[in-house]
Amino acid sequence: MTRLNDVHACVFDAYGTLFDVNAAARKEQENLGENWQKLSEIWRTKQLQYTWLRSLQNNYVSFWKITEDALDFALASLNIKDDAQKERLMNLYLELDAYPEVRQTLERLKDAGLKTAILSNGSPEMLQSAVDNAGLNSVLDGIYSVEDVGIFKPHPSVYQLTVDQLGLAAGQMSFQSSNGWDAYSAKDFGFQTIWCNRFGQADEQIPSTPDCQITNLSQMLPILGIS
């Protein structure tokens, strides 16, 4: 087994890594019917695309606006015209469920003396709402948003936020993301990196390969020497 050494902090992506991005549409299954999975997929894909496009345009808006625009696209793609449905989905995105292993994993990391933090595209309000809903405040040392730098991942200035906030070198942190492009980019920045490949994605063809690949966050504990 690959082991990571000299790790003093564990930094996590939020959406798809700690929080289930499909939870909002899943909770509207009764109203969306068989469309719920397709809507969730389009919503998430377009959400990410808009972060990259706006970063390239140098045209930053909050992730809440990105999320709304992506949902509008998804609803239009499926010919769903229901303002009340849209409002429910947006509100549910503020209360996404954490994956089952998340809290216990964070507790184990804290018990081992490691700092823990979130680094996310999400706006501060969105992230705090998700953390509050999942009851994770007590097991996090920091919640860092791209809003502080006005550009989305994978711009290096986003990853630099954790270096500045935690006072550690990038190589002294382990970065976890379920998004392959994020994990690869974080490794390229200089983090020790674990790709939580929850969705069975293929390897990315971009520079720098993550140190380890797992399928849920509990599997990171032995990699860090936590039994």
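This note comments on selected features of the structure above, point by point.

1. Basis of the note. The model is predicted, so local features are taken at pLDDT of at least 70 and side-chain atom pairs count only at pLDDT 80 or more, while totals for chains, interfaces and linings use all residues. Residues are numbered from 1 along each chain as its sequence is written, and side-chain values use heavy atoms, with hydrogens and water left out.

2. Helices α3 and α5. Helix α3 covers residues 35-57 and helix α5 residues 83-93; helices (H or I, at least four residues) and strands (E, at least two) are DSSP runs, numbered from the N terminus. The two axes come within 14 Å and cross at roughly 65 degrees, where axes are lines fitted to C-alpha atoms, for helices over the stretch in contact, and angles run from 0 to 180 degrees between N-to-C directions.

3. From α3, Leu39, Trp43, Arg44 and Gln47 meet Leu89, Met90 and Tyr93 of α5, contact being heavy atoms within 4.5 Å. Five of these residues are nonpolar, one is polar and one is charged. In this classification Ala, Val, Leu, Ile, Met, Phe, Trp, Tyr, Cys and Pro are nonpolar, Asp, Glu, Lys and Arg are charged, and the others, Gly among them, are polar.

4. The largest pocket. This pocket holds about 360 Å³ of space. On a 1 Å grid over the protein atoms alone, a pocket is an open set of points with protein on both sides within 12 Å along at least five of seven lines, a cavity is a set where a 1.4 Å probe fits but cannot get out, and lining residues have an atom within 4 Å of a point. Grid points are joined across faces, edges and corners, and a volume is the space filled by probe spheres set on the points. Of the 19 lining residues, Arg44, Thr45, Leu48, Asn179 and Phe199 are the closest to the pocket centre. Helix α3 gives the largest share of the lining, eight residues. By class, the lining has six nonpolar, 10 polar and three charged residues.

5. The cavity. The count comes to one cavity of 30 Å³ or more, and the largest cavity has about 50 Å³ of space. Its lining includes Asp13, Arg44, Leu48, Lys153 and Asn179. The lining divides into four nonpolar, three polar and three charged residues.

6. The whole structure has 13 aromatic pairs (rings of Phe, Tyr and Trp, its six-membered ring, with centres within 6.5 Å; planes under 30 degrees apart are stacked, over 60 edge-to-face, the rest tilted). The ring centres of Tyr60 and Phe152 are 4.9 Å apart with planes at 35 degrees, so this pair is tilted. Tyr60 is in the loop between α3 and α4 (63-77) and Phe152 in the loop between β3 (142-145) and α8 (156-166), so the pair ties together parts 92 residues apart in sequence. Ser55, in helix α3, touches Ile151 and Phe152, not counting residues up to four places away in sequence.

7. Backbone points to check. Most residues other than glycine have a negative phi, and most peptide bonds are trans. The peptide bond from Lys153 to Pro154 is cis, with omega near 10 degrees, and Pro154 lies in the loop between β3 and α8. Asp6, in the segment before β1 (9-12), has a positive phi near 60 degrees.
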